[in-house]
Amino acid sequence: MDSTSVAWPFVLNHASAGAMSSNHPVIRVKPREGRRARAGTPWLFSNEIEMPAKTLAPGMIVSVLGDDGRVFGTGYFNPKSLIAVRLLAASADVAIDAEFLGVKLKQALSLREAVYRAPFYRLVNAEGDGLPGLTVDRFADTVVVQITTAGMEALLEPLRAALDDALAPAQVVLRADSPARALEGLDSYVRADDGGRIAVEENGVRYFADTASGQKTGWYYDQRDNRAFVASLSRGKSVLDAYCYTGGFALAAARAGAKEAAGLDSSAPALALAEEAAAANGLSCKFVKADVFEELERLWASREQFDVVVADPPPFVKAKKDLEVGAKAYRKLARLAASVAAPGGLLLLASCSHNIPPERFALECAAGIARTGRTAKLIRQAGAGPDHPLHPMLPESAYLKALAYALD
Ligand code: SAH
């Protein structure tokens, strides 16, 4: 990925026209189309609308009306995207400015403040917080902003003003480098006020994250509750954290009194941050750079077993067309992970693939475990925590699946 680091403030290369106006161009929904949007889904697909005769720049704010005059709301438009309009408000001609964004940010903030005592959480989760195309992770006075749509990119200036007003962050890191941006015709870049390395406090552990060049925003808040669950069952146990990244599960288990904890990952920079975090917390953990499939085969061949095994891989099903190949990989991982779990052990298998349905993932995990000849009890089915709210009409956007099994 071609990313550069330059400081805010910056010059916008994308259209922001219309953002401050309250008299927006109109997009018409075709007759009898827009059924999902009528029921409350905040999206209109490109085949559901009359493409405007006059060209509208990607990201332009529009009012959406039915052929019968029915108001769908105010949103932003991108002729290049399959999701042509993402709605921001239920009325037409709503001004989408710093004040509008500030109200959404403050609502998002008050939800997190009600749930968490410390200022470490996902502050904005896109449609789930009424701000499509935007995710914001907060690490005390640093915020990491991810923009995935042309519409949100066009709102960067008022967004920065709204963030300053709501939080006055000391540092803002802009990660505009998600692969999803290509679907919107956007380029890839990173902009940071400062260096990217920060501390994260979670479940009583101090971790480190690289917000400018780590994966996604540098930290996976989505697994917080699952890490706490694993930690709660790790006292006095041996724990293997496969795909440990910066030490998320392994260090939570070590803090909870695991008798030994080991992490495997292929990323040397991630493992270096995990090592640093172990030292900062005075915890002893072994982090090994390895390919997880190869290392699990090796551990199995040498009959090494762990009381608690976690496998939280990168997405194996990146696109719908990869479903069968990815599903097989989840099955194989479940088999290998179960084969290194000790008798009576705990196994946590996770998937962050949007494109594998939860039932299919559960089926592959069950089949993989069964191949080892072990029986298992599915004791917990979980997803991301409450700082990852979903739009109620988009339950399928719950990408994270975490299944915990008690093995015989
Ligand atoms: N469990 C982590 C998040 C894991 S993200 C947490 O709690 O924060 C997936 C991780 O898999 C990344 O750190 C990536 O470096 C690693 N990875 C990807 N392919 C791998 C492979 N073949 N072997 C080992 N690690 C791999």
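In this predicted model, strand β16, which spans residues 260-265, pairs with β17 in the parallel sense over 4 bridges. Within this pairing, Leu264 is placed opposite Val288 of β17. Helix α7, formed by residues 268-281, packs on the sheet and touches both β16 and β17, and the direction of this helix makes about 170 degrees with that of β17.

The two strands belong to an open sheet of 7 strands with mixed pairing, in which the order is β17-β16-β15-β18-β19-β21-β20. The edges of this sheet are formed by β17, at residues 286-289, and by β20, at residues 376-382, each of which pairs on one side only. On average, and with direction ignored, neighbouring strands of the sheet are turned by 15 degrees against each other. A further helix, α9 (residues 323-339), lies across β18 (306-311), β19 (341-351) and β21 (401-407), and runs at about 155 degrees to β19.

A second open sheet is built from 6 strands in the order β3-β7-β6-β5-β2-β4, and here too the pairing is mixed. Its edge strands are β3, covering residues 43-45, and β4, covering residues 49-50, and each of them pairs on one side only. Strand β3 is joined by 3 bridges to β7 (residues 83-89), and these two strands run antiparallel. The bridge partner of Trp43 in β7 is Arg86.

The ligand is surrounded by 16 residues, of which Arg227, Tyr243, Asp265, Asp291 and Asp312 are the closest. By residue class, this shell divides into 8 nonpolar, 4 polar and 4 charged residues. Asp265, listed among the closest residues, falls within the range of strand β16, residues 260-265, so that the description of the sheet and that of the ligand shell meet at this residue.

Of the 580 Å² of accessible area that the ligand has on its own, the protein covers 88%.

Terms used
Residues are numbered from 1 along each chain as its sequence is written. This is a predicted model: local features need pLDDT of at least 70, side-chain atom pairs count only at pLDDT 80 or more; totals for chains, interfaces and linings use all residues. Side-chain values use heavy atoms; hydrogens and water are left out. A residue is near a molecule or strand if one of its heavy atoms lies within 4 Å of it. Accessible areas come from the Shrake-Rupley method with a 1.4 Å probe; for residues, only the protein chains shown count as cover. Ala, Val, Leu, Ile, Met, Phe, Trp, Tyr, Cys and Pro count as nonpolar, Asp, Glu, Lys and Arg as charged, and the others, Gly among them, as polar. Two strands pair if DSSP finds at least two bridges between them. Axes are lines fitted to C-alpha atoms, for helices over the stretch in contact, and angles run from 0 to 180 degrees between N-to-C directions. Contact means heavy atoms within 4.5 Å.
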